[in-house]
There are 4 protein chains.
Amino acid sequence: MHERNGRRLGVWLVGARGAISTCLAYGLSGLRQGRLEPIGIATAGPAFAGLPLADFDELYLGGHDVVRASSTASDLVRHGILPPDLVAAGAGDAALFEARIRPGVLDGPDVGLAELDPESSRLGAASQREQIARIAADLAEFRRAHALDRVIVVCLASTEAWREGLPSWARLDDLDQALDADQADLPASSLYAYAAFTSGAPFVNFTPNKGSDPAALRQLARRAGLPHCGSDGKTGETLLKTALAPMFHKRALRVLAWQGYNMLGNKDGEALADPVRREAKRRNKDEALRAILRDPRLHTQVGIDFVPSLHDWKTAWDFVHFEGFLGARMSLQLTWQGSDSALAAPLVLDLVRLADLAAARGEAGEMEHTACYFKSPLSGSTPVEHDFHVQFERLLAYAAGARNET
Amino acid sequence: MHERNGRRLGVWLVGARGAISTCLAYGLSGLRQGRLEPIGIATAGPAFAGLPLADFDELYLGGHDVVRASSTASDLVRHGILPPDLVAAGAGDAALFEARIRPGVLDGPDVGLAELDPESSRLGAASQREQIARIAADLAEFRRAHALDRVIVVCLASTEAWREGLPSWARLDDLDQALDADQADLPASSLYAYAAFTSGAPFVNFTPNKGSDPAALRQLARRAGLPHCGSDGKTGETLLKTALAPMFHKRALRVLAWQGYNMLGNKDGEALADPVRREAKRRNKDEALRAILRDPRLHTQVGIDFVPSLHDWKTAWDFVHFEGFLGARMSLQLTWQGSDSALAAPLVLDLVRLADLAAARGEAGEMEHTACYFKSPLSGSTPVEHDFHVQFERLLAYAAGARNET
Amino acid sequence: MHERNGRRLGVWLVGARGAISTCLAYGLSGLRQGRLEPIGIATAGPAFAGLPLADFDELYLGGHDVVRASSTASDLVRHGILPPDLVAAGAGDAALFEARIRPGVLDGPDVGLAELDPESSRLGAASQREQIARIAADLAEFRRAHALDRVIVVCLASTEAWREGLPSWARLDDLDQALDADQADLPASSLYAYAAFTSGAPFVNFTPNKGSDPAALRQLARRAGLPHCGSDGKTGETLLKTALAPMFHKRALRVLAWQGYNMLGNKDGEALADPVRREAKRRNKDEALRAILRDPRLHTQVGIDFVPSLHDWKTAWDFVHFEGFLGARMSLQLTWQGSDSALAAPLVLDLVRLADLAAARGEAGEMEHTACYFKSPLSGSTPVEHDFHVQFERLLAYAAGARNET
Amino acid sequence: MHERNGRRLGVWLVGARGAISTCLAYGLSGLRQGRLEPIGIATAGPAFAGLPLADFDELYLGGHDVVRASSTASDLVRHGILPPDLVAAGAGDAALFEARIRPGVLDGPDVGLAELDPESSRLGAASQREQIARIAADLAEFRRAHALDRVIVVCLASTEAWREGLPSWARLDDLDQALDADQADLPASSLYAYAAFTSGAPFVNFTPNKGSDPAALRQLARRAGLPHCGSDGKTGETLLKTALAPMFHKRALRVLAWQGYNMLGNKDGEALADPVRREAKRRNKDEALRAILRDPRLHTQVGIDFVPSLHDWKTAWDFVHFEGFLGARMSLQLTWQGSDSALAAPLVLDLVRLADLAAARGEAGEMEHTACYFKSPLSGSTPVEHDFHVQFERLLAYAAGARNET
């Protein structure tokens, strides 16, 4: 695949056969071959020059999935996302990646769904302790087989059914006891986080799933001295909202209503057609706006609909009704048409590089400087910030600080 | 009109019978009567608390215009901009303001246009020195009659025909010589700036006109120890652009094309139907985008069309075509529907208060901290910044500094 | 109110204090005074010249409502729908109309709601036979008091909770038996239709309510020799859909998905925030598209959300995803921003005039030629047609036929 | 390429290396191989069943072009228009078509442009009589070589510079005299029409070019007993306008302004960046709206901008400002995103089949029943009709008539 030069960084993708992973694999291959420019990858820009970030050449992909059928590259070509020549040139790399995908663990409510990897289904019968052990074993084998210096685990799995947190998730000791009794009832995403932290791997949660969010897991990360970040990649409509809503606030204009209608047709869209799964995503989308506009009277709704023909092309219409001076009522409409996976993949590359850097610098706990990448950023000591511009300034400040210390 | 309390600040509006002035007059009246909330007025917000800004009660309106017919309040009511009850309650204040409007000076190319105030037409025959003197005399009389502590001159006139600067505008001595020879050929907006500075009045240029931009006038301001700012109020589509374009840059997405189509139907729109007048506005609108995106390949066009039925409702459609990772082509569309005058009026109030504060603090020259209010901000020593969020941070920093010194 | 000239036609509005009725009353007043042009009134156009349609001068308004508070004209002024001068000039006519409004009957599920007319609440306790009798008595008194030649009953009430039809509604004899036993459980809209038919009045159902749709009521209309029409006025987004969808079908383009998102903020919007009420409206909106496009694979969804700040300004965004030759995927987006009441009122005037004409011509049963006015047109012998252009051709053909026979 | 079955119909494409021709060639190949459904081809639908229309198997492609470089299929694949597998499967057919392309004649103002076929440049020096003869010779050779029963000439060339008609174009005798004196100064499109008619070939003008529009050429067609049609294929935004504007007219709503902004990035877009070429297209687009709405006060503007990154994806935004009852001002916005070539190609197939049918039926002159295919339909005895729905009814009536006579 590529020469041994300097470091070897493993990137373990949970949801390795999904569209984001496919875009990531072909994109990485294209970057190495000089066929692609690093568009969408902020850490490849001048503001991050001089930092000891991993080269694209140093990344090794592997991952878990619970389905056998990959998001086919030809589909992504037909929908104008992957260029045909990139797919042809990346076939070798893609095959190597495919060979490193292992059967994943299932989220409880998904047990019994169609099209599952039989091995994943079998794993579903094991205790959560056993499932964690299985994940950890796969990570260890990945590290060993490729002589990796470090592995980053990235959760890109489908949206899990939303559920309230359990009391046992609040402290690590309680969680461990619950796991021993097989009563922890963690979502699969948190099993991965647990396994990552006990395997010495930083964890990136790009989904709205719980992942490393429960307090017990945050404790575990801190105890293991590992950085982690999440949740829910800010790729499209929410990015737009958090970049634009501050304008209304700064101009002292009163937003009366902000309605957002999202349509998407990929697997994520199919999962979100289920109201229980949609719930987490809606909460994340809603929260940012309220935090930025700080007006309790704000009327806001977020719709997410599955429109199969759109495939990976997320289309969102936002209607902003606002009041100006004299009570005059004005409006702004936004229509966003973007490929969800092509937007997400470069952010994952950024986060992998930043997680690796944080680990190298010995930082543990929530990577607060990555807030600009998430709809619902994990925060440790400081309050959660949603204004994209403020978030980005923090990232730049972090980069400047890291450069000075280097 | 209102009680003498503390200070008395004169606000001299050039273009006093236009729609912005009408909105300003009724709006100010409504603010004093407690009928309106200060929506759209950033300086009324918490970030500016504790600063010695003028109260709305302390403002006295007067102005110049070259036409006799006011933008009628009833038109603005019919188009849903002014509330009918506000107009009824503000009739007294409006009449007092109307009584203080004096015939203005004409921009050269406009001499001979229909519907002009005959006195303005007569003035057009005088030398530019005489015209400046006439403006100064009106300002002096305004100050005297109302015992004003300070007067701020605000240019809200129609867009002037675009013209290249003359060599004599580059140095104050040369300009004075040219004025003596009646060969300065200044646009009317610059005559107002000249008269303001020689009358001890700060100058706010809310239009794309030259105003205080020529170097000779900047020199005059500095010599007179007066602050000034401009040009071209950032009310709608450009505000949106400068708030949103940074998002693309920060995310390392490549904007391929940004097309903006503006439609408006008020007097400003009518003026802009003339390509020579439209030129300055287009330049200002274009410049910001190029500065923020820093990509020489960017394809961008700005259209401005006069659509009479829209009246004051500026409607703009922007189409942003951008490239993400893998070369995938995505798009964002924006439709902005706002009342130009209701958006502009509160910004004028902000700028009047900030100009008064700067004068009180003894600041002379370009008010760089007001860049967030302008499409083409006047800058002194620092480079021009177009990113709205950075501009606003500077304003906040200025406010914080001023508060600490107070 | 106006002189006795020729005929006197009563227009009895159910929902007389709603926004449509308010617009209708002021609009009619403006038409009579020559203050308004008949915009939006197709029957005032050349295609209907020479037909014995009622003059605007010949119409007398009265009606029922279950609430005491009128949709205030001042609200409609503030939102840019009613012109202030029209309201001033129409105050006298409006007062006369208000004096002729009687307490209406409540739809069963609404009994107990707040803000109801106490008399309407009392009526709710009576048997449905008694309620019908009460409506008929009000109609008789209206006819007598103003010496009317004919009365047309128009249902403009709020959307009723959706319910399945009962077996007893299928035949008039069964319905009468059920009414005798007070077990008919008719929605209020059908009580009005029943009372209209037994009072010799044609019935226009502008709402998605059942009205005269149940077979028993259709029988009653036919037996009484009276014309009727409905259901659900086609004012905005559905009008657009039925005017545009035929284009795709005629061009043999395959519509993959047609998503419609409707937002509205008036009383109708508030009622539709209730999923049980929304149901009927969604069905009507969905049905037309499927009928026109005739493709079982069509993916279509209709959202209706209550956004209070929009007041009467219905805003709808439609996204049409379609496939062209070569499998290329294309799209059309539509944003409709219209005042629901100002769109509806002229259609009601058209329908009143057409119902009067049909009655004068002795036509009984479903007025199939009015299909272009309805989302879910009542049809008798011929299949329901949804293509707006075909519907309109039928109306023109009817007009031509009626003109020739006259 | 395909078996001799029944008839052999030649399709001679002027502009054979453009994107429409490329789509047509691959599309036809896909239809024959059963890889494509006839989406976008109205004549393949049930309304045209039973008519003796040419089978897709019976069509043979050839053509002229003035450039050597084809619109590459790979570009159309990358932009999501041509499916990659269709291109692979159609490579053989495409090569056969390419081999039958001959150097075309240049429109006068284009002589000297870069990238031209040298042979086309040489031809530019010949007299127009000689150029016509050369075209006719190419047509004769095409017919002979493939033993074709009939040839249809279709103009798909770039938009020519707009010019006023000359007096000599008004009568055939005058035109012939002018050609003899080499002073006819016909645009290239009319040379093709002349050559087609003298070669016994029907002519389809899919461009805004003059083609067979001048009266002298119409005379020639009639004398030759040949059918022809044009001008300017109604593929996208104008199709939408003529399908939708009738709705406003029928509903008696007053359209105040209809602004249309078109952006496109293909060769046609590049040509239209030249104002002289854009002129014809703008006229055609404007005319339809005025004809349908019949309101002299209508304010309408059409913008056409070249945005290279859009390639073949025509993106148009229309803003319709209209007045309803009570003077309420409402709006409709439309955003159309379609592949110009994928929309045009199936219409060309329809027109070829209809021209062949008309010729077989012995019809001469303007094919008025094809008005629904054109922005500026050629009409003979009847007035031009622009309403898409009325146009389509005429086409159906023609089809029904032809079926009955068959």
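This is a predicted model: local features need pLDDT of at least 70, side-chain atom pairs count only at pLDDT 80 or more; totals for chains, interfaces and linings use all residues.
**Four chains, one chat**

Reader: OK. How many residues has H6 of chain D, and how far does it reach?

Author: Helix H6(D) covers residues 128-145, which is 18 residues. From first C-alpha to last it reaches 26 Å, close to the 26 Å expected at 1.5 Å a residue. The expected span is 1.5 Å times one less than the number of residues. Helices here are DSSP runs of H or I with at least four residues, strands are runs of E with at least two, and both are numbered from the N terminus.

Reader: Which of its residues are buried?

Author: D:Gln128, D:Gln131, D:Ile132, D:Ile135, D:Asp138, D:Leu139 and D:Phe142. They sit on the same side of H6(D), because they cover an arc of only 120° around the axis. That arc is taken from the directions from the helix axis to the C-beta atoms. Buried means under 20% relative accessible area; exposed is over 50%, partly exposed is in between (1.4 Å probe, protein chains only).

Reader: Switch to chain B. What do the buried residues of H14(B) pack against?

Author: They pack against H10 (237-250) and H14 of chain A, together with H10 (237-250) and H13 (340-360) of chain B. Among the buried ones are B:Phe388, B:Phe392, B:Leu395 and B:Tyr398.

Reader: Aromatics next. How many pairs are there over all chains?

Author: A search of the whole structure finds 40. Rings of Phe, Tyr and Trp (its six-membered ring) pair if their centres lie within 6.5 Å; planes under 30 degrees apart are stacked, over 60 edge-to-face, the rest tilted. Take A:Phe206 and A:Phe374: centres 6.5 Å apart and planes at 65°, so the pair is edge-to-face.

Reader: Where do those two sit?

Author: A:Phe206 is in the loop between S5 (203-205) and H9 (215-224) of chain A, and A:Phe374 is in the loop between S11 (365-366) and H14 (388-405) of chain A, so the pair ties together parts 168 residues apart in sequence. A:Phe206 is buried at 7% relative accessible area. A:Phe374 is buried too, at 0%. In chain B, B:Phe197 and B:Phe203 also form an edge-to-face pair, 6.2 Å centre to centre with 70° between the planes. Both B:Phe197 and B:Phe203 are buried.

Reader: Which residues make up the cluster with A:Trp317?

Author: A:Tyr261, A:Trp317, A:Phe319, C:Tyr261, C:Trp317 and C:Phe319 form that one aromatic cluster.

Reader: So how is chain C placed on chain A?

Author: A rotation of 180° with 0.1 Å of shift along its axis superposes chain C on chain A, RMSD 0.0 Å. The two copies are thus related as by a two-fold rotation axis. Superposition is by least squares on C-alpha atoms of residues with pLDDT of at least 70 in both.

Reader: How many residues does that contact take?

Author: It takes 27 from chain C and 27 from chain A. Contact means heavy atoms within 4.5 Å. C:Tyr261, C:Ser309 and C:Trp317 supply 26% of the area that chain C buries against chain A, more than any other three residues.

Reader: What area is buried between chain C and chain D?

Author: About 4,800 Å², with carbon and sulfur atoms giving 67%. Buried area is the accessible area (1.4 Å probe) that two parts lose on being put together, summed over both. C:Arg251, C:Phe325 and C:Leu326 supply 21% of what chain C buries against chain D, more than any other three residues.

Reader: Last one. Is D:His311 buried or exposed?

Author: D:His311 counts as buried, at 17% relative accessibility. It lies in the loop between S8 (299-306) and S9 (313-323) of chain D. Not counting residues up to four places away in sequence, D:His311 touches D:Asp75, D:Leu76, D:His79, D:Leu264, D:Gly265 and D:Asn266.

Terms used
Residues are numbered from 1 along each chain as its sequence is written. Chains are lettered from A and ligands numbered from 1 in the order in which they are written. Side-chain values use heavy atoms; hydrogens and water are left out.
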